[in-house]
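Please read them with the structure open beside the text.

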Amino acid sequence: TYIVSYTAGMSAAGDYGLVQRLFLLLNGIHFFLLTPLWSAYTEAAALGDWQWVRKQMRWSLLYTAIVYGVGVGLFLAAGPKIILIWTGKSIHQPGLYMALGAWAIVYGWINCFSVFLNALNCLDRQVQFLLGGAILNLPLAFFLGSKLGSPGVALAGLLVVLPLAVSDTIQSFKILGQPGQTARQAVTVME
């Protein structure tokens, strides 16, 4: 919100913070649903039960689509009304809702795969992409924020995590595509 206040003003920063909280609610619900899979993936991989892991990954992608499809759809359609009821403030910025909705969807997609990769202790690539994204986010957010206002800051957040979404997806599918492997073999596929 600091970048929004600098590029678009204090009022825009407050609006951004409220709209972002709606979408963070989806992320919280989603991560709550995914958290039990973390240790379950670790155990299944140690036992070599890759069929179960693949099945759970399909299910996690399905409920990710449901949670974010319904949630983002609801917030795009009724977000201003929800915020009005919640805070008494009227925020009608379709671009901000759309940018944060897209960011939330990508964040949810990343979580599906990062929980799996974290369970296998495959952290190196994630850390590299997150570090690169953190470094790029600041100048990109200032640039897009000065051009597009608060939706530009949200768009910058989306753009810097897209490479991680692609990397996590490729890495996960490569690991899952190796039948009959041990957990250690799965990890070394990507090293």
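In which loop does Asn121 lie? Asn121 is found in the loop between helix 4 and helix 5, the latter covering residues 124-148. The points below return to this residue after an outline of the fold.

1. Overall picture. The model is a predicted one, and what follows should be read with that in mind. The protein contains seven helices and zero strands, and its pattern, read along the sequence, is α-α-α-α-α-α-α. The C-alpha trace spans about 55 × 35 × 20 Å along its principal axes, and of the 191 residues in the protein, 46% are buried.

2. Helix 2 against helix 3. Two packed helices are described by the angle between their axes and the distance between the axes. For helix 2 and helix 3, the angle is about 165° and the axes lie 8 Å apart. Because an angle over 145 degrees counts as roughly antiparallel, helix 2 is described as roughly antiparallel to helix 3. The crossing of these two helices is right-handed, and the residues of their contact divide into 25 nonpolar, eight polar and one charged.

3. Helix 2 against helix 4. Here the packing angle is about 15°, and the axes of helix 2 and helix 4 are 9 Å apart. This angle makes helix 2 roughly parallel to helix 4, since the limit for that description is under 35 degrees. The crossing of helix 2 and helix 4 is likewise described as right-handed, and their contact has 20 nonpolar, eight polar and one charged residues.

4. An aromatic pair between helix 2 and helix 3. The count for the model comes to six aromatic pairs. One of them joins Phe23 and Phe75, whose rings are 5.4 Å apart centre to centre with 90° between the planes, an edge-to-face arrangement. Because Phe23 lies in helix 2 (residues 10-47) and Phe75 in helix 3 (residues 50-87), the pair ties together parts that are 52 residues apart in sequence. Phe23 is buried, with a relative accessible area of 0%, and Phe75, at 6% relative accessibility, also counts as buried.

5. An aromatic pair between helix 2 and helix 4. The ring centres of Tyr41 and Phe116 are 5.4 Å apart and their planes stand at 85°, so this pair, too, is edge-to-face. Tyr41 belongs to helix 2 and Phe116 to helix 4 (residues 94-119), and the pair therefore links parts of the chain that are 75 residues apart. Both Tyr41 and Phe116 are buried. Ring pairs also bring in Trp52, so that Tyr41, Trp52 and Phe116 form a cluster.

6. Cysteines. How many disulfides does a search of the whole structure find? The search finds zero. Cys112 is in no disulfide, and the nearest cysteine sulfur, that of Cys122, is 16 Å away. A disulfide is a covalent bond between the sulfur atoms of two cysteines. Since the cut-off for such a pair is within 2.5 Å, the 16 Å from the sulfur of Cys122 to that of Cys112 is too far for a bond. Cys112 counts as buried at 1% relative accessibility, and Cys122 counts as buried at 6%.

7. Leu33 is found in helix 2.

Terms used:
Residues numbered from 1 in each chain as written. Predicted model: local features only at pLDDT ≥ 70, side-chain atom pairs only at ≥ 80, totals over all residues. Heavy atoms only, no water. Phe/Tyr/Trp six-rings, centres within 6.5 Å; stacked < 30°, edge-to-face > 60°. Helix = DSSP H or I, 4+ residues; strand = E, 2+ residues; numbered from the N terminus. Buried < 20%, exposed > 50% of the residue type's maximum accessible area, 1.4 Å probe, protein only. Axes fitted to C-alpha atoms, helices over the stretch in contact; angles between N-to-C directions. Parallel < 35°, antiparallel > 145°, perpendicular 65-115°, else oblique. Left-handed = near helix turned anticlockwise from the far one by under 90°. Nonpolar A, V, L, I, M, F, W, Y, C, P; charged D, E, K, R; others polar.
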